[in-house]
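Subject: Structure for your review

Dear colleague,

Please find below the structure that I am handing over to you. My notes on it come directly after.

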Amino acid sequence: MKFLLHFPLLKGNIGSKQKQTMSQKVTILVFSSLFVFLLTTISYSLLSYDSLWKINEFTGLSNDYGLKNNETQSLQNETESLKNQTCFRNETESLKNLRDRLRDEAEKRASKALEKCEIFSGEWVPNPEAPYYTNTTCWEIHEHQNCMKYGRPDSEFMKWRWKPNECELPIFNPFQFLEIMRGKSMAFVGDSIGRNHMQSMICLLSRAEWPIDVSYTDDFSFKRWQYSNYNFTMATFWSPYLVRAENVDSKGDLINIYLDEFDEKWTAEIKEFDYVIINGGQWFLRPIVFYEKKKIVGCQYCPRENVTHLTWHSGYRKAFRTAYKAIINLGNSKVVTILRTYAPSHFENGVWDKGGNCIRTTPFKSSETRLEGYNLELHTIQVQEFKRAEKKGVKRGLKFMLLDTTQAMLLRPDGHPNNYGHSPHQNLTNDCVHWCLPGPIDTLADFLLETLRREGLSSVPKKDFI
């Protein structure tokens, strides 16, 4: 007890036989507790140790300084309370750890279930939270896609999402997508549906960032957009036949396509891109003269004499084969080739130039229609050539990915502009090929992001994003 000599209030107490007053007892208790507190603070850093110190010290002091029974009982009650509080904190911490562990396990199970799920088979279900942009908030909507501007009376066609049969397809997260694409680039190669797809992406990504136009030309068919904060570039390359093609006349009513020649407008550019999304379909149903080795090998829907009539099937297959050959010949393992399959048109009551229209306002159910006719043939040939190219490409270390969205888009006859893609004063045919923005084509972004994640191209967890 030598330390007590340093406290003036305690002088004369050591060794004294005189009965101590309650005031002196309290003084001793206060200063002794303070000293023990200082020692314990240096020795322990956790709050739980502070509680244990109080328990032990109060219990000991009640005996050392001869406190009255009621005072001792009071200290014992406080001791029990502190014990309970310490146990509660420990139990709370354990429950928190258990909750976090169960949440992580649930997320892993959900992720594994999604990876095993066939996301391209399902139904459209209502989504009251959509759309995620409007025709007034996105400047990249072209006139012929701006259905709301030109008076489309219904808006429910914007409020659907794709629901796979055995899982949930997450809604597109622009922040996650841009993080995955950080420092990378993506090209959309093909017809106007491919451009339609890229414009949808720009509108969806606008919630995170607007891009800067870094195009080499003013031609909207060859645009490049850069997202500066992520060093990500998107570009579109107009190539409706995927191979070299030229107009026979100024009206473009007849096209020469060279089935064995690359279209260098895109094949010479893609070596700098990380992802190349190709598509094609509708343009092969027009009048075409087919060339191979610089010679005419056939003609579709053309009045030329002494020319073999060929249907689009052969030309379509060879065009895709040549396009894949161009990519494989690059031998660039950096490039990931993505096929986004054919999106069917929905003309009813006539063909496109004979009064055909698309006036439905709700999606089909999968039981109400099916893929058939030329839609089925286009899809089949696409997928066959994709698998053929993939088999060759993987031997060279190349990666291929399939966005098989044909079935989902087949079920959306309500998503086209019809006669709401232009002024009513313009005498134009109804558009049942392209897609309104916002509209069903926005769901292609859901498929794309999930396919990228599923293929293991990103290790960024979803919970880190807004």
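Predicted model: local features only at pLDDT ≥ 70, side-chain atom pairs only at ≥ 80, totals over all residues.

Salt bridges

The count of salt bridges comes to 21.

Asp-213 and Lys-223 meet through their side chains in a salt bridge, at 2.7 Å from N to O. Asp-213 belongs to strand 4 (residues 212–213), while Lys-223 sits in the loop between strand 4 and strand 5 (224–227), so the pair ties together parts that are ten residues apart in sequence. Asp-213 is partly exposed, because its relative accessibility is 37%. Lys-223, by contrast, is buried, with a relative accessible area of 13%.

A second salt bridge joins the side chains of Arg-224 and Glu-272, with an N to O distance of 3.0 Å. Arg-224 is part of strand 5 and Glu-272 is found in the loop between helix 6 (264–267) and strand 9 (275–278); the pair therefore ties together parts that are 48 residues apart in sequence. Arg-224 has a relative accessible area of 7% and is buried, whereas Glu-272, at 38% relative accessibility, is partly exposed.

The side chains of Arg-360 and Glu-348 also form a salt bridge, at 2.9 Å from N to O. Both residues lie in the loop between strand 12 (336–340) and helix 8 (373–394), so this pair ties together parts that are twelve residues apart in sequence. Arg-360 is partly exposed, with a relative accessible area of 35%, and Glu-348 is partly exposed at 27% relative accessibility.

Ser-239 is located in the loop between strand 6 (232–238) and strand 7 (243–247). Is this residue buried or exposed? With a relative accessibility of 1%, Ser-239 counts as buried. Apart from its neighbours within four places in sequence, Ser-239 is in contact with Val-189, Gly-190, Asp-191, Asp-263 and Trp-266. With Asp-263, the side chain of Ser-239 makes a polar contact to the side chain, at 2.7 Å. Ser-239 and Ile-278 are 39 residues apart in sequence, and their C-alpha atoms are 9.4 Å apart in space.

Yours sincerely

Key: Residues numbered from 1 in each chain as written. Heavy atoms only, no water. Salt bridge = Lys/Arg side-chain N within 4 Å of Asp/Glu carboxyl O. Helix = DSSP H or I, 4+ residues; strand = E, 2+ residues; numbered from the N terminus. Buried < 20%, exposed > 50% of the residue type's maximum accessible area, 1.4 Å probe, protein only. Contact = heavy atoms within 4.5 Å. Polar contact = N/O pair within 3.5 Å; in protein donor to acceptor, adjacent residues only side chain to side chain.
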